[in-house]
Amino acid sequence: ACHSFDDLINIYREDLVITQSFVDCLAICCAVHIAVRLESDPLWIYLVGPPSSGKSTICDLLSSDEHHTRALSKFTGLVSGSRQGQHLIPLLQNKCVIVKDGTLLLESTPQQLANVYGELRDIFDGSLEARYRNGVSASFSNISFGMIIGITERIYGMNMSALGERFLHCRLETDRENEIKRNNSAITSLLEGIKLNVAEGNDDGDARSFPKQRSVTAGFLNHLHSRLSNESIQLPKYKPEDIILIQALADVIACSRASVPRQRNEDIAYTSRPEASTRVAKQLTRLAVCLCYVYGVHGFTDTIRANLRKVALDTSFSKQHDLIKVVALSANGLNKSSVAVMAEMNIDTCTRRIEDMVSLGIFNKEKEAQRLGRGRRVHVVTCPQWIENSFRIAYNAAKSTNVENNVSPFKRINPLPQPKGQPKFTKKNSNS
């Protein structure tokens, strides 16, 4: 049996072209797989990538641990309203549900999607009650299971934040260089070693399923589940900065997927605010604990922190996130034209998005600032201090004095104190 993640990856390299993104996604998915053993909110994640990027390969390999996994070829809901149907929930208890192709779910009608995600929201909290007009009913409590759903970028066209999003995201990136390398490997293996299929007497099994890698993956996952079941929980060592990091990442996610309700005439329907980041903070913390098991370490490491950042920024992936990032990482705010250029939006779209962000409290109301050199004052767009701090921590960007001193981004209503008076501009030496 394999007891080391590094050994697992080395065995993968024998037959697969492995990228760093693949390694990171596999580690994160392994952590989600074993998280069902721990109490608190479950970990559900979308494994996002373009077609043929390797999502199905990761899902198939993780499904090899049949004792702890429930693999589904498609997913259309948790309960059945038919008298002859069977409820899915009892089959999922204490398992990791893996859906290889979740894109089919997005083909459902809006009403079907609302029903499915309504069931998921209920069961996320541990219980579900359903009653149908034909007399069929379903009642479940104390239910917990993990979820990994392979899906394409179409998922970004669906925003569930207003109803309370439960899924984190993990993007499986690919580039042209690795695509060519993978294609060359596939072409060469076919030209030099193509075999008969199983029906024609090939006893080695279907090479497309990577039988050796599946066997080793099952052993590794079973080892991790056994440790969690049979040993005392290994509490990770951490620093105060790690708590600040998780809070900052949770705030970035909450701001990035907040939405403004608009009426048909495009007026803002009512004042809303980003979701409270508590649920996301708990999910990221759980993920960190499970990553310690996957990597075989006793506390937060740079690799674990990088993976937490990856999941947070992948979950935040949107044009809205790009817009907030541009403003939050600016030195003293930006005018609308600069924001539009840097966020790669046209000025009309950018203006409307800024209006939305002001309504949500993510941007401050525009204020006047002195233009560098001569000229009239211009209106600039800025973020509250806690949002600026959170984005700078998330991107490990050049930090303001407050962030360098590890001032927590927790406070939202009372932002960190701002220097009084007009900002002072100094001319930097061109050689500095």
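How many aromatic pairs does the structure hold? In this predicted model, the count comes to eight aromatic pairs. A pair of aromatic rings is described by the distance of the centres and the angle of the planes, and two of the pairs are walked through below in those terms.

Take Tyr12 and Phe22 to begin with. As for solvent, Tyr12 and Phe22 are both buried.

Tyr156 and Phe317 make up another pair, this one tilted: the centres are 4.9 Å apart and the planes are at 50°. Here the partners come from loops. Tyr156 is in the loop between strand S6 (146–151) and strand S7 (168–171), while Phe317 is in the loop between helix H10 (302–315) and helix H11 (319–328), so the pair ties together parts 161 residues apart in sequence. Tyr156 counts as partly exposed because its relative accessible area of 25% falls between the 20% and 50% cut-offs. Phe317 also comes out as partly exposed, at 41% relative accessible area.

Phe317 has a charged neighbour as well: Arg171 lies over the face of its ring, at 4.0 Å from the ring centre. So what does Phe317 pair with among the aromatics? The tilted partner is Tyr156, as given above.

Elsewhere, ring pairs join up into a cluster, whose members are Trp44, Tyr46, Phe124, Phe145 and Phe167.

Terms used. Residues numbered from 1 in each chain as written. Predicted model: local features only at pLDDT ≥ 70, side-chain atom pairs only at ≥ 80, totals over all residues. Heavy atoms only, no water. Phe/Tyr/Trp six-rings, centres within 6.5 Å; stacked < 30°, edge-to-face > 60°. Buried < 20%, exposed > 50% of the residue type's maximum accessible area, 1.4 Å probe, protein only. Helix = DSSP H or I, 4+ residues; strand = E, 2+ residues; numbered from the N terminus. Lys NZ or Arg CZ within 6 Å of the ring centre and 35° of its normal.
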